[in-house]
Structures are given as C-alpha cells and as structure tokens.
Amino acid sequence: EGRSIVFASGKGGTGKTTTVANIGVALAQFGKDVILIDADITMANLSLILGMEDIPITLHDVLAGEADLKDAIYEGPAGVKVIPGGLSLEKVKKAKPERLRELIREIGQMADFILIDAPAGLELTSVTALLIGKELIVVTNPEISAITDSLKTKLVAEKLGTLPLGAILNRVTSEKTELTKEEIEAILEVPVMGMVPEDPEVKRASAYGVPLVIKNPTSPAAIAYRQIAAKLAGVK
Ligand code: ADP
Ligand code: MG
C-alpha cells in the first residue's frame, strides 16, 4: 500500500498547492507512481498549476455511486495522476465516512504516493482532508502567525491519528524578521524537511500551467522541491 500524505496549513496561501504539484511531479520523475488528490474545492487550482483542463468527475461522484473511481482519475504531467476531491461542505455531510475511508484504501493500492492538497484552516472539509492521509506535512511560511496556525493544524491531525512527518518552510527570504529553522522546529515539534525559497519562477510556471520542476528545473524553488521529493522517495 502506498503512503498517503496530506499537505496542510493553518493559514491560506502558504504554498500547499504549489508544493503538492511540484513534489508530486518530482516523485514521478524519480520513477514513483503518484496520485494527487485535490481536496481543496474552494481554491481548486491544483489542476490549473498542472495545466490540466476539464476534470469534471470528482471523488464525490464516486462516493455517491454515480461514477467509477477510474473515471475520476486524470493523467497529468510526468505521468502523475490527479483525482479532483470535490469535497464541498454539503457533499461531505452526505458522504458516508466509512465509504470515504474504503475509497481512500482503494486509491492507496494504486500508487506509491498519494499526496492530498488540503484546504487551509480547520473547517469540516479541512478536517476531512486530514483524515484522508495517514501522514501529515505542514506547509508553512516562516512567520509567527503562520507557524501558530500550523501548530493548531498539527495538533488536530495528531488527535485524528494522522502522523506528523514534518514541516516544509515555503517562501523563505532569510530576512531578519523570519523565524529560523530551529525556532520553528521547537514550536511545531516536528523536523523541517525542506526550505523552499521565495522564487519568482513559481508564479511564472503557474501562469504557464507547467509545474516548476518541469518548466524551470534549475530554479532555486525547483531544486528545493526535488530535494524534498528525493528524501521522501529515499533516493540520493
Ligand atoms: P495554497 O495552496 O497554500 O493556498 P498556493 O500554492 O496556491 O498556496 O500559493 C499561493 C501563492 O503563492 C501563489 O500565487 C503561488 O504562485 C505563490 N507561491 C507559492 N510558493 C512560492 C514561492 N516559493 N515563491 C514565490 N511564490 C510562491
Ligand atoms: Mg491551494
């Protein structure tokens, strides 16, 4: 069974979607079978960053018995597969949790890595996304407000039985006002797995609809994402 890892944050806009897209593609480039689940319907831009159009059938259609799982799996760049989450609040309320867990187990059989792009915060949909993954990676910016919100997310995930693996610091500029890696590890009580610098190439790549690790593999953020993926994949 593949590893299912949910990428979550307290605050919005910390870079979860960018991170899931680029680590997912980098894992695929390392030869891993990767499925990305877009669980953030309010800001469903994972498919946009990956340059994918027209992905109408979602996980919820499968839950509702209106579509087969295979119909909700779409092919993305570098062979990465994407499943639209479609976990709106109303739909989540109607979906049976047992069925959702069963479905996630089924998806877990299909890949080495299942990366879940979670909505920010701790609304029902965010908590549902935390439940889908067995492991948690917190995506945060090195600012105190983002870190304290990420701590809340981590504590809730732990309560739900999701194992916190570590944190990814995104948009690092090394300004004096930023917290250091050590300070952040002390607050979150998880290792920092990688530091992704502020990089204008990130926005350019997303405007192109091509993941940064493909569009500009030697840019600083792409290098950082590939290093994190290499650690996850266990490649040197
Ligand atoms: P989230 O999914 O957490 O809401 P996104 O991945 O959508 O965050 O990123 C939010 C914004 O920040 C986007 O405009 C994205 O292009 C930008 N961004 C993310 N990471 C970086 C980075 N390392 N350098 C520069 N811009 C970034
Ligand atoms: Mg997002």
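This is a predicted model: local features need pLDDT of at least 70, side-chain atom pairs count only at pLDDT 80 or more; totals for chains, interfaces and linings use all residues.
## Overall architecture

The protein contains eleven helices and eight strands. Its radius of gyration is 16 Å, close to the 18 Å that the globule rule gives for 236 residues, so the protein is as compact as a globular protein of that length. Along the principal axes, the C-alpha atoms occupy a box of roughly 55 × 35 × 30 Å.

Of the 236 residues, 47% count as buried. When contacts between residues at least 6 apart in sequence are considered, 76% of them join residues at least 24 apart.

## The sheet

Eight strands form an open sheet with mixed pairing, in the order β3-β4-β2-β5-β1-β6-β7-β8. The edges are β3 (74-75) and β8 (192-197), each of which pairs on one side only.

## Strands β1 and β6

Strand β1 (residues 3-8) has a parallel partner in β6, with four bridges between the two. Strand β5 (residues 113-117) also pairs with β1 in the parallel sense, over five bridges. Particular residues mark these pairings: Ser4 stands opposite Ile114 in β5, Phe7 stands opposite Ile137 in β6, and the bridge partner of Ala8 in β6 is Val138. Five of the six residues of β1 are buried, so this strand is largely enclosed by the rest of the structure.

Strand β6 (residues 135-140) is likewise mostly covered, with five of its six residues buried. The pairing of β6 with β7 is parallel and comprises six bridges. Ile137, the residue opposite Phe7, has Gly166 as its bridge partner in β7. Between β6 and β7 the chain passes through helix α7 (residues 144-159), and this β-α-β crossover is right-handed.

Ligand 1 has 19 residues around it, of which Gly15, Lys16, Thr17, Thr18 and Val202 come nearest. The elements that give two or more residues to this shell are α1 (16-29), β7 (163-172) and α9 (200-208). By residue class, the shell divides into four nonpolar, ten polar and five charged residues.

## Thr18

Thr18, one of the residues that come nearest to ligand 1, is found in helix α1. Thr18 counts as buried because 27 C-beta neighbours lie inside 10 Å, whereas the cut-off for burial is 20 or more.

Leaving aside residues up to four places away in sequence, Thr18 touches Ile49 and Val202. Val202 is itself among the residues that come nearest to ligand 1. Glu75 is 57 residues from Thr18 along the chain, and the C-alpha atoms of Thr18 and Glu75 are separated by 18 Å. Glu75 falls within the span of edge strand β3 (74-75).

## Residues with positive phi

Most residues other than glycine have a negative phi. Two exceptions in this model are described here.

Ala78 has a positive phi of about 60° although it is not a glycine. Ala78 lies in the loop between β3 and β4. With 16 other C-beta atoms within 10 Å, Ala78 is partly exposed; the partly exposed class falls between the limits of 12 or fewer for exposed and 20 or more for buried.

Ser174 is also not a glycine, and its phi is positive at about 65°. The loop that holds Ser174 is the one between β7 and α8 (181-188). Ser174 has 10 other C-beta atoms within 10 Å and is exposed.

Conventions:
Residues are numbered from 1 along each chain as its sequence is written. Chains are lettered from A and ligands numbered from 1 in the order in which they are written. A residue is near a molecule or strand if its C-beta atom, placed from the backbone, lies within 6 Å of it. Ala, Val, Leu, Ile, Met, Phe, Trp, Tyr, Cys and Pro count as nonpolar, Asp, Glu, Lys and Arg as charged, and the others, Gly among them, as polar. The radius of gyration is taken over C-alpha atoms; the globule rule is 2.2 Å times the number of residues to the power 0.38. Two residues are in contact if their C-beta atoms, placed from the backbone, lie within 7 Å. Two strands pair if DSSP finds at least two bridges between them. A crossover is right-handed if, with the strands pointing away from the viewer, the path from the first strand over the helix to the second runs clockwise.
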